[in-house]
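Dear colleague,

I am handing over the structure below, and I would be grateful if you could look through it alongside the notes that follow.

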Amino acid sequence: MLPLSSREISPAQTMLLAHKCWALVSIKTGASFCGRDRVLHCRSYNCENHSAGMDSSDIQRKRVAVIGGGLVGSLNACFLAKRNFQVDVYEAREDIRVAKSARGRSINLALSYRGRQALKAIGLEDQIVSQGIPMRARMIHSLSGKKTAIPYGTKSQYILSISRENLNKDLLNAVEKYPNVRMHFGHRLLKCSPEEGVITVLGSDKIPKDVTCDLIVGCDGAYSTVRSHLMKKPRFDYSQRYIPHGYMELTIPPKNGGYAMEPNYLHIWPRDTFMMIALPNTNKSFTCTLFMPFEEFEKLLTSRDVLDFFHKYFPDSVPLIGEQALAQDFFLLPAQAMISVKCSSFHLKSHCVLMGDAAHAIVPFFGQGMNAGFEDCLVFDELMDKFHNDLSMCLPEFSRFRIPDDHAISDLSMYNYIEMRSRVNSPLFIFRTNIERFLHAIMPSTFIPLYTMVTFSRIRYHEAVLRWHWQQKVINKGVFFFGTLIAISSAYLLIRYTSLRPLDYLRRPWDWVTNFHNTGYVSLQTPWSH
């Protein structure tokens, strides 16, 4: 089919097309239009398709409006376009591929198995993976400067440090390769009426426009406009929580043309109530993120305060960042907040569905925010296969299936913050980690560490949590059993090797009775007094 710009359409043809389109719209919406309004409405429906004959595939093609052109929105557009839907993506920001500066979050991403499987489904896995840097273990930096590596899994298992901006650009490029997808940058959602199948967007011309569609997919982030409209519906549950910690990003530049630290690790400086992490970039730098309570940030008012703080708690990082850069970069932006969002359900009838942060914004401490959002897209695509594109069946099942999983990973992310900033310093934590790895090595299908289940498999998140709790009980009972056995054995050996005749301990009470009967007094002799 030729693009609109390559065809000549006469006024008479335009009016004829308008009447045909008006008839279709009237049947669907019950609305009526006349004169010039019919022509305008026809054009908004992309009625140029009818000039090629109005074949049945064009009439029956579902129209989907994806709100949000970020990571999850652009990936979703690819999945939906593969199903031959007419997809329109509305993004409030300008196109980041041509923008002078990218606005929004920039915390480095950790791509793992779930996200890779979603990318694989649209043929992008190899391209994206080739741009990532493998991280095979945590590198723990103690206060004394000692470094300890804690592997994530087996030698073949690793996560990938990925640039958020570059990944988003690659996904947008992939979206634009589909002829049935249109991108609308600088278009902000004003109103969402899912049951009527209408959204109102505001573009650069500042004129609100109504757009009709069969499905609205809300991928517009933690502060979702689509979700705010669903919250007005009965029986829609919603909760949000700002954690008391904020984050701030710093940079460790390259050193002598190479990495200043070991590149294939996620570096962590755990300091009990706060921590700093560093992820490698392809330009040989590291992106550092300091996570700390807001009240601690508020105490650092001057450059001297910042330098003293870093010399006290992160002394080995100061020469890597540089004192001058540290003192300047720390005050470029204030500490940013982190929000956790839960809602239920994720859909409204067969008209609207939420995915990614719009449905379940989570804190970044398990590295699963993007991966969970990508898995949303993959699960939805699998359900569409199962139900043969029947939205009335697919959307309720998506909510039923994903809500327990996305709530579980939200809770796990909060737990992992405590683990990363505090527990990794504990010898007991390292001991238990080694036990888990040993049990996994001898029983790989029966005993799987929590991190492995979450990061290197597609075991459902909530099932991973249940399985983890069971495994913890097994370990606790095993440690108690062997601890008791060791204690009893130690006591026996102590008695055995401190006495020539250990059975005297058993005979002694009878000897006391016999001696008392014969002599009238008790002799409290010990076995080693002979």
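**Notes on the model**

In this predicted model, a polar atom of the N416 side chain lies 2.6 Å from the backbone oxygen of F365. N416 itself belongs to helix α15, which covers residues 391-421, and its relative accessibility is 2%, so N416 counts as buried, the cut-off for that class being under 20%. Once the neighbours within four places in sequence are left aside, the residues in contact with N416 are R138, F365 and F366.

The crossing in which α4 passes α14 is right-handed. On the α4 side the contact is made by L71, V72, L75, N76, F79 and L80, while α14 contributes M370, G373, F374, C377, L378, F380 and D381. Sorted by class, the residues in this contact of α4 with α14 are 10 nonpolar, two polar and one charged.

As for the protein chain as a whole, it has 530 residues, of which 49% are buried, and it contains 19 helices and 19 strands.

Note on methods: Residues are numbered from 1 along each chain as its sequence is written. This is a predicted model: local features need pLDDT of at least 70, side-chain atom pairs count only at pLDDT 80 or more; totals for chains, interfaces and linings use all residues. Side-chain values use heavy atoms; hydrogens and water are left out. A crossing is left-handed if the near helix is turned anticlockwise from the far one by less than a right angle, and right-handed if clockwise. Helices (H or I, at least four residues) and strands (E, at least two) are DSSP runs, numbered from the N terminus. Contact means heavy atoms within 4.5 Å. Ala, Val, Leu, Ile, Met, Phe, Trp, Tyr, Cys and Pro count as nonpolar, Asp, Glu, Lys and Arg as charged, and the others, Gly among them, as polar. Buried means under 20% relative accessible area, exposed over 50%, partly exposed in between (1.4 Å probe, protein chains only). A polar contact is a pair of N or O atoms within 3.5 Å; within protein, one must be able to donate a hydrogen and the other to accept it, and residues adjacent in sequence count only if both atoms are side-chain atoms.
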